[in-house]
Amino acid sequence: MTDTALKRPALPAAALAPPPNGRLWRLPAWLMAGLVLLPVSVIVLSWGSAQTEVWQHLIATQLSRLLGNTLILVLGVGVWVMVLGVSLAWFTATCEFPGRRWLDWALMLPLAIPTYVVAFVALGLLGYSGPVQTLWRHWFGADAWFPDIRGAGGVVMVMTTVLYPYVYMLARAAFLAQGRGLMDASRLLGNGPWSSFLRVALPMARPAIVAGTALALMECLADFGAVSVLNYDTFTTAIYKSWFGFFNLQAAAQLASLLLLFVFAALYAEQRARGSGRIHQQPRRTRTAYQLTGWRGLLVSAYCTSVVVLAFVVPVLQLLVWVFETRATGLDSRYGALILRTFTLGGSAALITVAIAVLVAYGQRVSGRLGISTSVRLAGLGYALPGSVLAVGILLAFAYIDRQLINPLRLLLELPPAQILVGSVAALVLAYVIRFFSVAVGPVQAGLERIKPHFQEAAHTLGAGQWRVLRRIYLPLLAPGLLTALLLVLVDTMKEMPATLLLRPFGWDTLAVRVFELTSEGEWQRAALPALTLVLLSIPPVVIMVRRSRAV
Amino acid sequence: MIYRVGKILLVGAVVWLAAACSDKRSPPEGDTGQAATTLVTVYSARKEHLIKPMFDRYTANTGVEIRYITDKEGPLLARLEAEGETTPADMLITVDAGNLWQATERGVLRQVDSPALAANIPQHLRAADNTWFGLSVRARTIVYSTERVDPQQLSTYEDLTAEPWRGRLCLRTSKKVYNQSLVATMINTLGEEATEAVVAGWVANLATDPYSSDTKVMEAMAAGQCDVSIVNTYYFGRLKKENPQLPLALFWPNQDGRGVHINVSGAGITKHAKQPAAAVALLEWLSSAEAQGKFAELNQEYPANPAVAPSAEVASWGEFKADDVNVEAAGRLQAAAVKLMDRAQYR
């Protein structure tokens, strides 16, 4: 099939004109946007009825405090994930120092621990009744001051330890792809190492860093687990209070749609600020690392190690202690099936989401658009909503389709009305795709932006069609970004809770469901077993991903 | 290489998904023919490890199969509403009377006229229109440090606002429905103004910001951060079981007045149940003397059926006079309670 394409005489003009089927390639983005807009429109439609009572109450009693808290959280987490993520990525991707080989992948592991688990471990260790403060009081007296982990600082710390891997992974892929060529050129032109880093490497990695930070901040804005464990009120608190306290789902949806609007505006502003300048990567395969020897190497090594210890080793050790204390209660014959289902759902969601992300991102590029168009931005909104709100939006949309489309069809075939979409595996996977599309599209797009368009033009000149260009040129060059995307979606899906709870078919319990069952009535010690399993399950994919991204 | 593997996996996934969709559950209610086993479907906000042992026993006794999903009350209720008459659910189990009242209010439950249920469950533990029935009872009561508090000093929930308790009180967050129900029943008895004064008094006496869970509160008490609090009995029981030496004890307040605040977990039959008769039979069994002891014991609660005695451990906490206001008040006044607590800056 592809051979015929090669034999076809190539017309030089065709390469310079907009590529064939350019408009058609915009379709994936709009289809995906449509899919995401299904639940989002349910949420936006909530404005149809005024919920003045709830609004007045919230404004009068707490909205300003909640917004202040949220702002502190977003600023704190934003700065810290960037500082940690970028510095760690730079060290592991471009330098050589003692322990780099294992730190390279170990630094990604905190991603596998759900935020609420880290929050609970932090509360257990650093809270008033925890070992650290108990020892503190023992040393310095009963009234010795100790910062409250439940304050803004504690919440920022907890969120940062879980969310920095988003920036780390994306920045790392970007730094790996840069090679050393431009850095060396900058040094030759008289720039010092710092100014070369700031003026060359960092701007080149900007799309990746921004994509990672955006993911971290969206997750932080939509989080309800960690903030409720630490009882730190943010904007999501108002959303859940409207829903579970006032049983006013409409007011909750209105609040959630404001959150969406904010995220949409922020992403748009960033895009504008970045401008249209593009830096494409040098396709250099050979990389020479900066050798950090002596105290420099040890210092970097100590820095990276301490991050891994604090963000991963300590929480995992605590989970292990709990598993041991509860003698692994709950480890029954159903556990194998639980793991299998968790992995199956995560794997299928990851593959489908990333496949769609590639089509969408590539389609954008082929259809002659630079940057992120409205459709892609819309398609990414699923991640900015609090999980439960999105899950209900999806449920309502699917239930509507069942009622209005599928059941009339069934009536025609003289079948009784039933649920086809709601409660099916397909619907659940679709929900994951809607939620995690932006997680997948970020790394893919960041990778794509670094690839020179010349390759494509050359391939077209040689007569290759769009599919062939995508398969033979883009996918291999994109490999680090693709693997990052696959891993992120896989891990995120495995720990996803609200949509899994609400949309899973009967019997399709996963590890995250088990964690929910035990934690919702405060049995954290018993929840340690499924939580730990979830973490262990994520380690092999992380290691594989890192190995592969180096090899390419 | 990678993308080729990815492509194969992707195709596999799509095929598998298509299969998963098409061969999905033939509707159980359809086949009435040969030896069909009855299948009851339950949506539950009560956790799996507290209901599954009951379901297993029922299936062993009767052969009736039970399938279920668990989730929070809010999403389950939204799902029932959205599904309407296509819902597969026959029964809704939830925790807290406020949530049960909401379910009735939304019209997702049906009236059940069952002499057995009427006999087993006292009037104040079920809906006036028999749309739901309490199945287990928990008290939300005062807990105190045996090291630093003389129980003689304790009397009522309201008294925790008094001067001697300044800086000695810990509370769980007002966002938890158990506190909302407590305050709602107080509004019902004391009126809104008096209740707001009480809640504001509690807040003024706090030793530290409210905690996210009863367990955390009690751990903080044991560590010396505060001396009194208000918790659900089963959390206390669970902690005591882990650590019998814990220097904490329960106190039953308001014994000369309205009594201790109690709440229920309970269940109702959905309006569009596909197996209403089988679901009612299950509910009747859950309320029966045979099942009540175990149902309550699984979570260290009190049986709702007065004919059944609580487990020895629960009984060891002593007898008390319970507030017999119909627990429905918790649902009716929940929104008012949330607002009141927000005004009093109880986080």
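**View 1. Helix 21 of chain A, residues 466–495, in a predicted model.** Between its end C-alpha atoms, helix 21 of chain A spans only 36 Å, whereas a straight helix of 30 residues would span 44 Å at 1.5 Å a residue. A bend of about 70° is found in helix 21 of chain A at A:Ala479, and a proline, A:Pro480, follows within four residues. Of the 30 residues of helix 21 of chain A, 22 are buried, so this helix is largely enclosed by the rest of the structure.

**View 2. The contact between chain A and chain B.** To this contact chain A gives 54 residues and chain B gives 51 residues. On the side of chain B that touches chain A, the elements giving two or more residues are helix 1 (2–22), helix 2 (48–62), strand 2 (65–70), helix 3 (73–83), helix 8 (214–223) and helix 14 (334–343) of chain B. Helix 1 of chain B supplies nine residues, which is the largest share of the side of chain B that touches chain A. Sorted by class, that side of chain B holds 22 nonpolar, 13 polar and 16 charged residues.

**View 3. The secondary structure and the contacts of chain B.** Chain B is made up of 14 helices and eight strands in its secondary structure, and 52% of its 347 residues count as buried. When contacts in chain B between residues at least 6 apart in sequence are considered, 79% of them join residues at least 24 apart.

Terms used: Residues are numbered from 1 along each chain as its sequence is written. Chains are lettered from A and ligands numbered from 1 in the order in which they are written. This is a predicted model: local features need pLDDT of at least 70, side-chain atom pairs count only at pLDDT 80 or more; totals for chains, interfaces and linings use all residues. Two residues are in contact if their C-beta atoms, placed from the backbone, lie within 7 Å. Ala, Val, Leu, Ile, Met, Phe, Trp, Tyr, Cys and Pro count as nonpolar, Asp, Glu, Lys and Arg as charged, and the others, Gly among them, as polar. The expected span of a helix is 1.5 Å times one less than its number of residues. The bend at a residue is the angle between axes fitted to the seven residues ending there and the seven starting there. A residue is buried if 20 or more other C-beta atoms lie within 10 Å of its own, exposed if 12 or fewer, and partly exposed in between; C-beta atoms are placed from the backbone.
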